[in-house]
Structures are given as C-alpha cells and as structure tokens.
Amino acid sequence: MKIINKLLITLLITGIVGCSTRQSADKDLETRREALLESIEVFNIAFKSGDNKKLASMITENYQHTNGSSEVIGKESWLAYLQKRSAEIASGKLKVVNYEM
C-alpha cells in the first residue's frame, strides 16, 4: 500500500510540475510573439517615415532583401536604396500613404 501511495504522490507531483512547465512555455511563447509584433510595428513606422538609421539597426550584416519584382540585394545596396527613398520622401517627390508588413 505504501508503494502505491508513493507512486500516486509521484504521479501527482509530476502532473503539477508538467502543467506548470507548460504554462511557463505558453507564457514565454506569447511574450516572444508580442515582442515580434512590436518589432514589426517599429520597422513599419521606420520604413514609412524613411528612418534609415532605425532600419539599419534592425537588420543583420548578412541581410538579403527580396521582393516579388526585383533581384535579391544585400544590406549595403538596400541601405543605399533607402537613402535615395528618404531623400524623395523629404523632398515631397514620394509620399507614403500606407505601409504594412
């Protein structure tokens, strides 16, 4: 009988710890999801306004930019494009009405 009681207690503790670990993992996943969504929003705002310094700080050294209609370009080429784009925004030649990723 003592062995069965110990086994039941062990199973109960294992179940409680397992549930606690699962809740912690779910909370961590939600925290990371929220951080990602916040970063996407910061990126969108920076791109829309032409904040090249912010954009450069958000991409890696081996960044490769792609879109549906152009060839793949590296970080330096993309940043050069952004400089031109920012000048067009500042001059009024380009007006970004909406941008979302």
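Student: Is Phe47 buried or exposed?
Tutor: This is a predicted model, and in it Phe47 has a relative accessible area of 11%. The cut-off for buried is under 20%, so Phe47 counts as buried.

Student: What is Phe47 in contact with, leaving aside neighbours within four places in sequence?
Tutor: Leu55, Trp78, Leu82, Arg85 and Tyr99.

Student: And which residues make up the largest nonpolar core?
Tutor: Nine residues in all: Phe43, Ala46, Phe47, Leu55, Ile59, Tyr63, Trp78, Leu79 and Leu82. Helix H1 (2-49) and helix H3 (75-91) are the elements that give two or more residues to this core.

Student: OK, rings now. How many aromatic pairs are there?
Tutor: The count comes to four aromatic pairs. One of them is Phe43 with Trp78: the ring centres are 6.3 Å apart and the planes are at 0°, so that pair is stacked.

Student: Which helices do Phe43 and Trp78 lie in?
Tutor: Phe43 lies in helix H1 and Trp78 in helix H3, so the pair ties together parts that are 35 residues apart in sequence. Trp78 is buried at 2% relative accessibility. The rings of Phe47 and Trp78 are stacked too, because their centres are 6.4 Å apart with the planes at 0°. That pair links H1 to H3 as well, across 31 residues in sequence.

Student: Which residues form the aromatic cluster?
Tutor: Phe43, Phe47, Tyr63 and Trp78 form one cluster.

Student: Switching to H3. Which of its residues are buried?
Tutor: Lys75, Trp78, Leu79, Leu82, Arg85 and Ser86 are buried there. Looking down the axis of H3, these buried residues fall within an arc of 120°, so they line one face of the helix.

Student: Why would a spacing of three or four places do that?
Tutor: An α-helix has 3.6 residues a turn, so residues three or four places apart point the same way.

Student: Which residues are exposed on the other side of H3?
Tutor: Glu76, Gln83, Lys84 and Ser91.

Student: Last one: what happens just after H3?
Tutor: Gly92 takes a positive phi there, about 90°.

Note on methods
Residues numbered from 1 in each chain as written. Predicted model: local features only at pLDDT ≥ 70, side-chain atom pairs only at ≥ 80, totals over all residues. Heavy atoms only, no water. Core = buried A, V, L, I, M, F, W, Y, C linked by side-chain atoms within 4.5 Å. Buried < 20%, exposed > 50% of the residue type's maximum accessible area, 1.4 Å probe, protein only. Helix = DSSP H or I, 4+ residues; strand = E, 2+ residues; numbered from the N terminus. Contact = heavy atoms within 4.5 Å. Arc of directions from axis to C-beta. Phe/Tyr/Trp six-rings, centres within 6.5 Å; stacked < 30°, edge-to-face > 60°.
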